[in-house]
Amino acid sequence: MARYRGPVVKLMRREGLNLFLKNSHTLHKEKSSLEKRKYPPGLPPKKKGKITEYGAQLREKQKVKRAYGVLEKQFRRYFEEAAHTPGIPGENLLQFLERRLDNVLYRMGFAVTRRQARNFVAHRHILVNGHRVDICSYRVNVGDKIEIREKFQKSPFIEENIKLAQAINRTASWVSVDYIKFSGEVTSLPTREHIDIPVKEQVIVELYSK
């Protein structure tokens, strides 16, 4: 399973915004890094160069890829499917990414980051409609029931994540969650309004359409 294993704050500095790649409890330690060093990792630039059209398109693509933890080859497959699906390609692309199992766990509040959710899925702690699923890119549908395996329900990670989710009320509106039963259900498909990442998806479409 290919994935990025490097420092995530470095990625957020490169994109110039918080991509929610790190637990909010530990992110405050790097907050000054995001706020004070408002330039990409590496040596501070001597002067700000002009951003080309391609450069702007690339940044939008990288922003989405890094937020959802998807590498280039898989991201391109998502785009090709989105382009051949009825509807607006850019919105289709974002919806496919939102429907990934690791993202759904994050949206339900069982994980504090998509990266942590991916770890839970890979270690076979998650059930979908009563069946164990260890594929992070598994695409959920309306009516799918997501559960935490009984043996993992007492994990300190799950207990802490649930307390945090309840405290800040972070659950997405297109899912319903029962924290007492350690389960949730997909009640509707996510729409463009549900995407909280500031991204111009049409720019990504233009990049791949060349």
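I began with helix H6 and listed its buried residues: Gly90, Asn92, Leu93, Leu94, Gln95, Phe96, Leu97 and Glu98. Buried means under 20% relative accessible area, exposed means over 50%, and partly exposed lies in between (1.4 Å probe, protein chains only). I am working on a predicted model, where local features need pLDDT of at least 70, side-chain atom pairs count only at pLDDT 80 or more, and totals for chains, interfaces and linings use all residues. Residues are numbered from 1 along each chain as its sequence is written, and side-chain values use heavy atoms, with hydrogens and water left out. Helices (H or I, at least four residues) and strands (E, at least two) are DSSP runs, numbered from the N terminus.

**Entry: around H6**

H6 covers residues 89-98, and eight of its 10 residues are buried, so the rest of the structure largely encloses this helix. I looked up what the buried residues pack against. They meet helix H4 (53-68), helix H5 (72-83), helix H7 (101-108), helix H8 (114-122) and helix H10 (201-208).

**Entry: H5 against H10**

Next I took the pair H5 and H10. Their packing angle is about 100°, and their axes are 11 Å apart. Axes are lines fitted to C-alpha atoms, for helices over the stretch in contact, and angles run from 0 to 180 degrees between N-to-C directions. H5 and H10 are therefore roughly perpendicular; that label covers 65 to 115 degrees, with under 35 roughly parallel, over 145 roughly antiparallel and the rest oblique. H5 brings Glu72, Phe75, Arg76 and Phe79 to the contact, and H10 brings Ile204, Val205 and Tyr208. Contact means heavy atoms within 4.5 Å. I sorted these residues by type: five are nonpolar, none polar and two charged.

**Entry: salt bridges**

I counted nine salt bridges. The rule asks for a side-chain nitrogen of Lys or Arg within 4 Å of a carboxyl oxygen of Asp or Glu.

Glu81 pairs with Arg139, with the closest N and O atoms 2.8 Å apart. This bridge links distant parts of the chain, 58 residues apart: Glu81 sits in helix H5, and Arg139 in the loop between strand S2 (131-132) and strand S3 (145-148). Glu81 is partly exposed at 34% relative accessibility. Arg139 is also partly exposed, at 24%.

Asp196 and Arg107 form another salt bridge, 3.1 Å from N to O. Asp196 lies in the loop between strand S5 (183-186) and H10, and Arg107 in helix H7, so this bridge ties together parts 89 residues apart in sequence. Asp196 is partly exposed at 39% relative accessibility. Arg107 is buried at 7%.

Arg192 bridges to Glu201, with the closest N and O atoms 3.0 Å apart. Arg192 is partly exposed at 21%, while Glu201 counts as buried at 15%. I also noted a network of salt bridges that links Lys61, Lys65 and Glu72.

**Entry: nonpolar cores**

Last, I looked up the cores. A nonpolar core is a set of buried Ala, Val, Leu, Ile, Met, Phe, Trp, Tyr and Cys residues joined through side-chain atoms within 4.5 Å. The largest has 26 residues, and Leu101, Leu105, Ile126, Ile146 and Ile148 touch the most other members. H7, H8, strand S1 (126-128), S3 and helix H9 (156-168) each supply at least two residues of this core. H7 gives the largest share, four residues. A separate core has 18 residues, including Ala67, Tyr78, Ala82 and Leu93.

Terms used
Nonpolar A, V, L, I, M, F, W, Y, C, P; charged D, E, K, R; others polar.
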